[in-house]
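This report walks through selected packing, cavity and backbone features of the structure shown below. Please keep the sequence and the 3D view at hand while reading.

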Amino acid sequence: MNDQDLLRYSRQIMLPQVGIENQQKLLDSTMLLIGMGGLGSPSALYLAAAGVGHLIIADFDKVELSNLQRQIIHHTQDIGQFKVDSAKAKMLAINPTIEITTLKDLNADNLDSWVKKADIVLDGTDNFETRFKINKACVHAKVALVSAAVIRFEGQLSVFKGYQADQPCYQCLYSKEGNSDENCVENGILAPVAGLMGSLQALQAVKTIMNLGEQLTGQLLMVDALDLSFRSVKISKDAACPVCG
């Protein structure tokens, strides 16, 4: 780190749990963020500001007016732009010293190769089929997965390391049978709830890279924003899981 880096990240470095060593871990890390929507927007902004050295952001979609209520990385003048291009501009405006790679064509054919490039993956998608594919790729590549979901006034968050013998993967929690997708288009969402869960997702990614505190491995955090209640439940590894069992 040069003098400008030390000044930029000084408020983190002064934390005894972080220091120069852990800040350098962030600068040396690569994170793959899948989805630049309600969850990916705050995650991307905070991770860029915190000093993650290389952020790979993936989304095929373009900015629409209805996105702006919660997808805070996009502005009115960005309507019609690809979300990854809009997001990259805001991230570099905050921190021009980091590297950002944009992906508009992340799919089943190249997912594994991109996951292998990352130290950690953040899943901000909104359908089970995609989440299952991301989880499988992370297990095979032995890459930690920070998975968040949000709808209405509710959110969920966990860190999955299903490649470890004693840790569950995402599919241990949700089987492919009996799950139906719920999304914001059909059910709605209160804007700050997405901001809350996306920020927590970024927090857990940083803590996982630094190996700090409670990392939510083997636990599911459930948030009810109406009651402002937080509770966590233990997730056990499923011996019969087709992905990590």
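At 16% relative accessibility, Val 243 counts as buried, where buried means under 20% relative accessible area, exposed over 50% and partly exposed in between, with a 1.4 Å probe and protein chains only. Val 243 belongs to the segment that follows β8 (229-234); helices (H or I, at least four residues) and strands (E, at least two) are DSSP runs, numbered from the N terminus. This is a predicted model, in which local features need pLDDT of at least 70 and side-chain atom pairs count only at pLDDT 80 or more, while totals for chains, interfaces and linings use all residues. Residues are numbered from 1 along each chain as its sequence is written, and side-chain values use heavy atoms, with hydrogens and water left out.

Leaving aside residues up to four places away in sequence, Val 243 touches Asn 135, Lys 136, Val 139, Cys 169 and Gln 171, contact being defined as heavy atoms within 4.5 Å. The C-alpha atoms of Val 243 and His 140 are separated by 8.5 Å, although these residues are 103 residues apart along the chain.

## Helix α7 and its surroundings

Helix α7 (residues 128-141) has 14 residues and reaches 20 Å from its first C-alpha to its last, close to the 20 Å expected at 1.5 Å a residue; the expected span is 1.5 Å times one less than the number of residues. Its buried residues are Phe 128, Arg 131, Phe 132, Ile 134, Asn 135, Ala 137, Cys 138 and Val 139. The partners against which the buried residues of α7 pack are β1, α6 (111-116), β4, β5 (144-151) and α8 (170-173). After α7 comes Lys 142, whose phi is positive, near 60 degrees.

## Aromatic pairs

How many aromatic pairs does the structure hold? There are 5 aromatic pairs in the structure, where rings of Phe, Tyr and Trp (its six-membered ring) pair if their centres lie within 6.5 Å, and planes under 30 degrees apart count as stacked, over 60 as edge-to-face and the rest as tilted. One of them joins Phe 128 and Phe 132, a stacked pair with 6.0 Å centre to centre and 25 degrees between the planes. Because Phe 128 and Phe 132 are 4 residues apart in helix α7, about one helical turn separates them. An α-helix has 3.6 residues a turn, so residues three or four places apart point the same way.

Tyr 170 and Tyr 174 form a tilted pair, with 5.3 Å centre to centre and 45 degrees between the planes. Tyr 170 is buried at 3% relative accessibility, and Tyr 174 is likewise buried, with a relative accessible area of 18%. Phe 128, Phe 132, Phe 160, Tyr 170 and Tyr 174 form one aromatic cluster.

A search of the whole structure finds 1 cavity of 30 Å³ or more. On a 1 Å grid over the protein atoms alone, a cavity is a set of points where a 1.4 Å probe fits but cannot get out, and a pocket is an open set with protein on both sides within 12 Å along at least five of seven lines, lining residues having an atom within 4 Å of a point. The largest cavity has a volume of about 40 Å³, a volume being the space filled by probe spheres set on grid points that are joined across faces, edges and corners. At least two lining residues of the largest cavity come from each of β1 (30-34), α4 (40-50) and β4 (120-123); the lining includes Leu 33, Gly 40, Ser 43 and Leu 122.

Helix α4 is largely enclosed by the rest of the structure, because 9 of its 11 residues are buried. Just after α4, Gly 51 takes a positive phi of about 105 degrees.

## The second largest pocket

The second largest pocket has a volume of about 250 Å³. Of the 15 residues that line this pocket, Gln 12, Leu 203, Val 206, Lys 207 and Met 210 are the closest to its centre. The largest share of the lining, 6 residues, comes from α10.

## Positive phi in two loops

Arg 152, in the loop between β5 and β6 (154-160), has a positive phi of about 50 degrees although it is not a glycine, and Arg 152 is partly exposed, with a relative accessible area of 26%. Leu 216, in the loop between α10 and β7 (219-224), has a positive phi near 65 degrees, and Leu 216 is buried, with a relative accessible area of 7%.
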